[in-house]
Amino acid sequence: YAVASQRVFELLLLFNSALLLLEMLLNLFTGVDTALARGLLPPIVCLFYILNPVPEALWVFYLSVMMNGEQWRPSGRKAFLILLPVILNAALSLASMTTGWLFTVDAENRYARGPYFALMALSCYSYVVFYIALALRKRGFLHKREYLTLLCAALPPILAGILQSLFYGISILWLVLAFSLLIFYMNIQSTQVYTDHLTGLANRRKFDALLWQLPDKRRPMGGMLIDVDGFKQINDVHGHLT
C-alpha cells in the first residue's frame with residue numbers, strides 16, 4: 001500500500017498548500033478598497049470554503065488505504081457517501097456568494113462569517129469524527145505503531161479547529177494540519193523502509209522488527225518456507241514484475 005498511500009499524501013499536500021495560499025490571499029485582500037481586491041476577494045473566500053473539508057475527506061481515504069492496501073478502490077456508492085459532505089459544502093459555498101449563508105463580504109470589502117458558518121465546520125468535523133471512529137473500529141488491521149501515529153495525527157487539527165471556531169480571527173488550522181502531514185509523511189517513509197519496492201511485501205527488516213515486538217520471545221515459534229518450481233525461469237521469460 002506504499003504507492004497508494006503516497007498518492008493520497010500528495011493530494012493532501014496539494015490541497016493543504018492551496019488552502020494556506022487562499023487563506024493568505026483572504027487576509028491580504030480583506031478590507032482593501034481597490035478594484036482588484038473587490039473583484040478577487042469573493043471568489044477567493046468561496047474557493048477557500050469549498051476546499052475546507054477536502055483534506056479531511058482525504059484523511060478518510062488515507063486511513064482506508066492503510067487498512068485495505070493497494071487493492072482498495074471505493075465503490076461508486078461508497079465514494080459518493082464519503083464525498084457527500086464535500087459536495088453539500090461546495091453547493092452551500094457557491095450559494096453563499098449571493099445569500100451570505102456561510103460567509104459575507106460587506107461594502108468595505110471585509111470578509112465575515114455568515115449565520116450558517118457552523119455547517120461548513122460540521123462538514124469538516126464529520127470527517128474527523130468518522131476518521132477516529134474508523135481507526136478505533138479497525139485498529140486490528142494496523143500495526144500498533146501505525147495505529148497510534150494515525151490517531152495522534154488527528155488530535156492537533158481538532159484542537160486548532162475548535163480554537164479557530166471559538167475565537168474569530170485566529171488562523172492556525174492549516175498550519176497545524178501541515179504539522180499533521182509531517183506525521184503522515186514520516187509514517188509513509190517508515191512504511192517504505194519496511195516494504196519491498198518490487199513486490200510491495202514486507203521485507204526482512206520488517207520481519208526482524210516484528211520478531212522483537214513479540215511480547216514473550218520464549219514462546220515456541222514456527223516458520224514456513226514456500227518454494228515455486230521454475231521461478232527463475234518465470235522471471236527470465238516474463239520479467240520480475242510478472
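Me: How much of the protein chain counts as buried?
Reply: This is a predicted model. Of the 242 residues in the protein chain, 38% count as buried.

Me: OK, new topic. How many helices and strands are there?
Reply: The chain has 10 helices and two strands. Along the sequence the pattern runs α-α-α-α-β-β-α-α-α-α-α-α.

Me: Back to the inside. Which residues touch the most other members of the largest nonpolar core?
Reply: Tyr49, Tyr131 and Phe184 do. That core holds 55 residues.

Me: Which element gives the largest share of this core?
Reply: Helix H3 does, with 10 residues. Other elements giving two or more residues include H1 (2-29) and H8 (173-193).

Me: What is Tyr131 in contact with, leaving aside neighbours within four places in sequence?
Reply: Trp59, Val60, Leu63, Leu150, Leu151, Ala154 and Phe184.

Me: Now the helix pair H4 and H5. At what angle do their axes cross?
Reply: Roughly 165 degrees, and the axes come within 10 Å.

Me: Why is H4 called roughly antiparallel to H5?
Reply: Because angles over 145 degrees count as roughly antiparallel, H4 is roughly antiparallel to H5. The crossing is left-handed.

Me: Which H4 residues meet H5?
Reply: Among them are Ile82, Leu83, Pro85 and Leu92. On the H5 side, the residues include Leu119, Met120 and Tyr127.

Me: Last one. What share of contacts with a separation of 6 or more comes from residues 24 or more positions apart?
Reply: They account for 67% in this chain.

Key: Residues are numbered from 1 along each chain as its sequence is written. This is a predicted model: local features need pLDDT of at least 70, side-chain atom pairs count only at pLDDT 80 or more; totals for chains, interfaces and linings use all residues. Side-chain values use heavy atoms; hydrogens and water are left out. Helices (H or I, at least four residues) and strands (E, at least two) are DSSP runs, numbered from the N terminus. Buried means under 20% relative accessible area, exposed over 50%, partly exposed in between (1.4 Å probe, protein chains only). Contact means heavy atoms within 4.5 Å. A nonpolar core is a set of buried Ala, Val, Leu, Ile, Met, Phe, Trp, Tyr and Cys residues joined through side-chain atoms within 4.5 Å. Axes are lines fitted to C-alpha atoms, for helices over the stretch in contact, and angles run from 0 to 180 degrees between N-to-C directions. Angles under 35 degrees count as roughly parallel, over 145 as roughly antiparallel, 65 to 115 as roughly perpendicular and the rest as oblique. A crossing is left-handed if the near helix is turned anticlockwise from the far one by less than a right angle, and right-handed if clockwise.
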